[in-house]
Amino acid sequence: MRNLLYVVAVTVALLTSCTKDISDLNIDPKNPSTAPSYSFFTNAQRSLSNTLASSNVNLNIFRLITQHWQETQYPEESQYDIGTREINDNFWNALFRDVLRDLREAKALTPVDVVNPDGSANSGHQQNNLAMIEILEIYTWYYLVTTYGNIPYSEALNIDDPFPKYDDAKTIYDDLLARLDVAIGQLNPAEPGLGEADLIYGGNVDQWKKFANSLKLKMGITIADVDDAKARETIESAVAGGVFTSNEDNALLKYLGAPPNTNPIWVDLVQSGRDDFVAASTLVNELLDLKDPRIDNFFTEDQAGRGSPTTSYSGADPGVQSAYIQYSHVHPNITAPDFPHVLMDYSEVEFYLAEAAQRGYDVGGSASEHYANGVTASILYWGGTPAEAATYLAQPGVAYSPATFKQQIGIQQWIAFYNRGVDAWISWRRLDSPQLQPAHDALSDIPKRFPYPVNEQNVNTTHYQEAAEQIGGDVVETKLWWDIF
Amino acid sequence: MRKIASLCAVLMLLSAFAYAQTRTLTGQVRDSKGSPVPFANVTIKGTNSGVSSDANGNFRIDIRDGQSLVVSSVGFAEQEFKVGTSSTLNITLQSQGNLQEVVVTSLGLKRTRNQVPFAAQQLAGDDVNRSRNANFVQNLSGKVAGLDIKQNNSLGGSTNVILRGTKSITGDNQALFVVDGVPYNNSNTNTLDQRTARGGYDYGNAAADINPDDIASVTVLKGAAASALYGSQGANGVILITTKKGGKGLGITVNSSISVGKIDKSTFTKYQKQYGAGYGAFYEDSTGYFLFRDIDGDGREDLVAPMLEDASYGGKFDPNLMVYQWDAFDPASPNFGKARPWVGAAHDPTEFFETPISSNQSIYIDGGSDRGAFKMGYTRSDDKGYMPNSKITKNLVNLGGSYNITSRLTAAGVINFSNIEGKGRYGTGYDGGGARNLMTNFKQWWETNVDIKEQKDAYFRNHKNITWNWKDPDNLVPNFWDNPYWTRYENFSNDERNRYFGNVSLNYKVTDWLNLLGRASLDHYDEIQEERIAVGSVATSEYERFNRSFSEANYYFLASLDKDLSTDINFKALLGFNLRRDRTQSIRAETNGGLIVPKVYSLSNSVNTPNAPIEFDGTREVQGSFAGATFTWREMVTLDATIRRDKSSTLPEDNNVYYYPSVSAGFVFSKLMPLAEWLTYGKLRANYAEVGNDAPIYSVNDVYIAVPPFGAEAQTSVTAAKNNPDLVPERTRSYEAGVEIALFKNRAGFDVTAYTAKSIDQIMPVIVSTATGYNSKFLNAGTMENKGVEVSVFGTPVQSRDFSWTINVNFARNRNKVVKLFEGADNLVLADFQGGVSLNATIGQPYGEIRGSDYVYFNDNKSPANRVVGANGRYLVSSNANIVIGNANPDWTGGISNTLKYKNFSFSFLIDTRQGGELFSLDQFYGQGTGLYPETVLLNDLGNPSRDPVASGGGIILPGVKEDGSPNDIRRANSEGTLGYRQPTAGFVYDASYIKLREAAINYAFPKSFVDRLKYFKGIDIALSGRNLWIIDKDLPYADPEESMSAGNLQGYQVGAYPTARMLTLNLKLRF
């Protein structure tokens, strides 16, 4: 028995000698638990731009839906196959998780680290930073709500509520507009902003003010068909606040020449070594019909003897399998690694103003002036000359005609939104111009919205089902609340 | 070391002097009930001399003084008998399953079979080694009821080892390997991309480092009760390996084997031979099937194959059509500038596979005396795979010894070193441009006009990337695919792992009933994996390296007590402490944007500054203490209880201690029926056990991710997985009951076990709505239940002097159910795969539901006849891609092994089966769509070639109905995609069942008379064995249903599946 006691004693001694605190091992030595607020903003801005600029068939197929581009051997996405690659999940995740969540973190950390050298709060600087973060957040929400309809909003971005309810899209939209007004009011050019961490404007507060008002204008015009009064009020106050006045104001994210911070189109079209996309016949034929000077900056010429006898511009028909070599390709400028992505530009602002003027809102200037400014701004941005723009505008098919303003602005906006598929898609749905036909062998009608992510169906099932019912069915044909025509 | 050497010398001297007078011994062999045992083998220990007893158990043998007899017979444990001075010896053999059979249990403790109250199945070393295989783990398949082994066909690939079903929804479900009482790390370093079939190499798992030649026995402890003392690591069952120990006297064994193989053609693509390259008729010539260029400069357009395409929906073969193909644009080719007849390739990719050859050489020396024993072994194996430029080399060294310092104190130590070098492992998954998994090329995207031998010649002429897949005659760069030989010889991987595994122990026998053991063990390895993409490939050139080191130290202190409290009651007790500390450090770095100088694979050769490497450094410490008590009454009733306390560093400080108990009972009821002649042995057993488990490293505190900066601007991001400071330990609770019966002197018997296990509070990254800004949050959420039955049956239908036949049958059925996920969620996506299918855990369903798109059925009547076809004649595809289309769980698994012995010959074979369960084949989904397979050229209902234009009587009518419910009569073009990926994924789900002739072996032991004539030898055995000889039955076309991407939870999906190799091995074993 004495031996047994000895054993017990030794064991107890060993046990007690090893009870030092081991929870320190839970601290990851290779990843930070703190970081500066602005670094989340920079990352969110790049992620946002990447998502909207991307031409990856797993993420962004809006160029195909709007028939700017078409696929070659594998036309599934041109035929609206969204489910196989879960494009609806990926687009949603990119905006919620990779953009909005980081913006929220930037907001939360700003009061902690935007301080004076003595450690006291720098409220003016903080306020500017927070307003910029807020404006980018509203911009991001705009694309979510116009892509899916009802979405999680009031309960979103809170991990304590892992399955948030969906809010009514119009209610969200109204709230976004209210938040935008507050943010604009907070911007103070006398105080510093985000500085170089802001990849778009280098922290320039005046530019952010213009950007925010232009966003407000864009959001106002989006609901013009469905709520004339609200659109008028929003647009008139945006214009009074000061919107973009030239291409100098354009919100561009200027990519770098080297991975991983390049233009995503370079990754998809050049680095990949693949030949998946050619021009769509829909856009090329329109450009040819209108003798559009932008065509030689949008696309390359095809080659004589490769499907057509002469060298010219040609595009593949939507949804039809095609040979890459036979058609016009995306212009090499656009596929350059450092080609900037346009988040918002002067041209679209002028088109919105044209439409607002046509609808009788007080935005200064006439509809036709704004229309001409919009067309001209786009041509100049794409490397054309004022003379080319003037000639172009003088053509009967291009010159402004009030009677068919939706159709006409629709077509010009669709052209000017080249390489900005998601904006072209919103514009097409709202103005129903140009008249696109569904692709060959299409799986559905041309999508009017994206279906909710499969993940939402799986995990947020109850709220998903409610939302699907409220919007009138979770299918691509369901029109969103602002898309009444 | 010096001591062991001198010991060795003494032993050799002793054996030399051990010469004495020979005399004749007679005797009879009987069983414990006094009946004679006929045809028992009686051999002289340490020699090959022996005789058999006759039909009445009588034998006669010539021996020398001091020698011992080793007596064995079917159904009886092998036993040793000292020969005294008398000339007769009556031998009583104990039935197997009686006292003498010893089962190795947790922590290497030994118990008699009567005292084992849980399921444990034991295999002898020879059973796992019969057919040689560099990875012995694969040799366990079909031999243990309830052990589900899934291997893949890639060289040195990982092996999935699951006991009693998947328990953890997102965690590790692999069984624990334990070598001589010490956990042996079996990590799998395959990346997430590799495991979700997005490309990468399968570097195998680390248990493959175990030397098969060093294995004395394998015990499989299936349930938690058996393994509670290993703590959390043992929750998935334990595979306990006991290595060889030095015996008395000196033994030298040399084993030499060579294997060759050939692919099983039923597991590879069969190509159609009627149509060549292209996706359709939309190219340049008047037929639309060809490019139309002036190649010979005569001013007239010539036909050029659409080389840019990777499909075979092109022009119909016609030997009169002269077409320029890829080789016409290779200046080094004899066909340069020449058109050639448009015909199918003479050599299809079946001929890409080389003959796999492996060789295994080992020498093993052991020896010992009363004071100690030693062993040393060296094994070298070279495995050359069937893919060109692939090879795995292993050097394994084992050294161990023990020394009795005093009669009570024994010191022992063992050290194993292994060096594994791999080169050119097989690419896996679906990895996009310039894919390194050539099976995706050969099984999904190929031109049937391309001759693989010509591709080989083209590469070897100048070692350039002369691909069959040029973008264009005017743009001679590879389009989607590199020359396959370029892929194998330029874009290859290599890897190396150096491992040290060993322990030292001191055992002090305080009294004859109390034993103290202290043991320190270390398992440490360093590994490197290097991957490269050469300049000139489709994909951006690249060099990537991954360095990882792992160490696990275990310190045990164990006091064990074994005392007969009275003549009837035996008491065993155990008190122990275990400190486990493991640390993993890794760093992964790659070049950015390509390589500057070709063929220089270094990080500094990067076009752009490489991004910061990804580092990991994680340590886990678990402090465990445990106690156990066992009472046995009259070797008949055993009651056993254990308790363990663990404190783990990976849990939040307030919740890092957890206790878990087990209780077991065994009842050898045959003891109550001594008169029942037919019943040799009968035991009932039952147990309940809990196992606790901690969290994965770093699931408590949140961190941020540093993203490569944008120029000079810092970027950080919130992680996609939210950690949780409120985690508590998870638990598995299991019940098990079983019966063991042996009948008719062990001529037949069975073992049946039923179990149920429930894993609750599982710590898992719960998938949340991504509208939260996260993918997942670590929570104690899931509950999974496994219920099952395991049956082993053995029998010896024939037993005579010269001939015997034994059968072993194993059967296991496991029913798995996801009981609970996080509140509000009824499904959890485990992985999304290429093609739009996912693997899921769904409440109320077995784990591993396969979801994807389905057909649209008329009136929702889900029969193939009701598949609805749209106006274009194609099947409509459900708008929802989240429909259940299959389940990966098998219904049951089993194996039947037979051994037939005739004189010195023995023949054995193993049939291994897995029934039920399904898989999705991306190979068929794509390959049927690109027109590679014979099914894509069938005649249509009119008897015309279906690929002919619809206008000329071609086309196909897909079986089904139109949207109005009337029979489909739309004859649509049999064009690219129609029979494949333009259909719902549900059409490419196959039954994953198989029946395989897994092993067959013929062994011949040279007769004693012959061996004796050759001096020095104790035995010579020669064996011819085969592995994976024949897939007797399967549903999956053109592939092996067992083939998987990797070990782990993600099964039920097949992409770029490698063919199975039939291997034939010749083995020579010499004993000195």
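1. A:Glu348 has a relative accessibility of 1%, and because buried means under 20%, this residue counts as buried. A:Lys218 also stands at 1% relative accessibility and therefore counts as buried. It should be kept in mind that the model under discussion is predicted.

2. These two residues are partners: A:Lys218 forms a salt bridge with A:Glu348, and the closest N and O atoms are 2.8 Å apart. A:Lys218 belongs to helix α7 (residues 205-222) of chain A and A:Glu348 to helix α12 of chain A, so the pair ties together parts that are 130 residues apart in sequence.

3. Over all chains, a search of the whole structure finds 82 salt bridges. Two from chain B are described in the next points.

4. In chain B, a salt bridge joins the side chains of B:Arg164 and B:Glu736, at 2.9 Å from N to O. B:Arg164 sits in the loop between β12 (159-163) and β13 (176-179) of chain B, while B:Glu736 is part of strand β41 (residues 730-743) of chain B, so the contact ties together parts that are 572 residues apart in sequence. B:Arg164 counts as buried at 6% relative accessibility, and B:Glu736 is buried with a relative accessible area of 6%.

5. A further salt bridge brings together the side chains of B:Glu999 and B:Arg1027, with 3.4 Å from N to O. This pair links distant parts of the chain, 28 residues apart: B:Glu999 lies in strand β55 (residues 994-1005) of chain B and B:Arg1027 in strand β56 (residues 1019-1034) of chain B. Both B:Glu999 and B:Arg1027 are buried.

6. Which residues are joined into one network by salt bridges that share partners? The network consists of B:Arg164, B:Lys222, B:Lys683, B:Arg685, B:Glu736, B:Glu740, B:Asp751 and B:Glu790.

7. The last topic is a helix of chain A. Helix α13 (residues 367-381) of chain A has 15 residues, which at 1.5 Å a residue should span 21 Å; its end C-alpha atoms are 21 Å apart, so expectation and model agree. After α13(A) comes A:Gly383, whose phi is positive, near 95°.

8. Against which elements do the buried residues of α13(A) pack? They pack against α12 (346-358), α14 (386-394) and α15 (405-416) of chain A. The buried residues of α13(A) include A:His370, A:Tyr371, A:Gly374, A:Val375 and A:Ser378. An α-helix has 3.6 residues a turn, so residues three or four places apart point the same way.

Terms used. Residues numbered from 1 in each chain as written. Chains lettered and ligands numbered in written order. Predicted model: local features only at pLDDT ≥ 70, side-chain atom pairs only at ≥ 80, totals over all residues. Heavy atoms only, no water. Helix = DSSP H or I, 4+ residues; strand = E, 2+ residues; numbered from the N terminus. Expected span 1.5 Å × (residues − 1). Buried < 20%, exposed > 50% of the residue type's maximum accessible area, 1.4 Å probe, protein only. Contact = heavy atoms within 4.5 Å. Salt bridge = Lys/Arg side-chain N within 4 Å of Asp/Glu carboxyl O.
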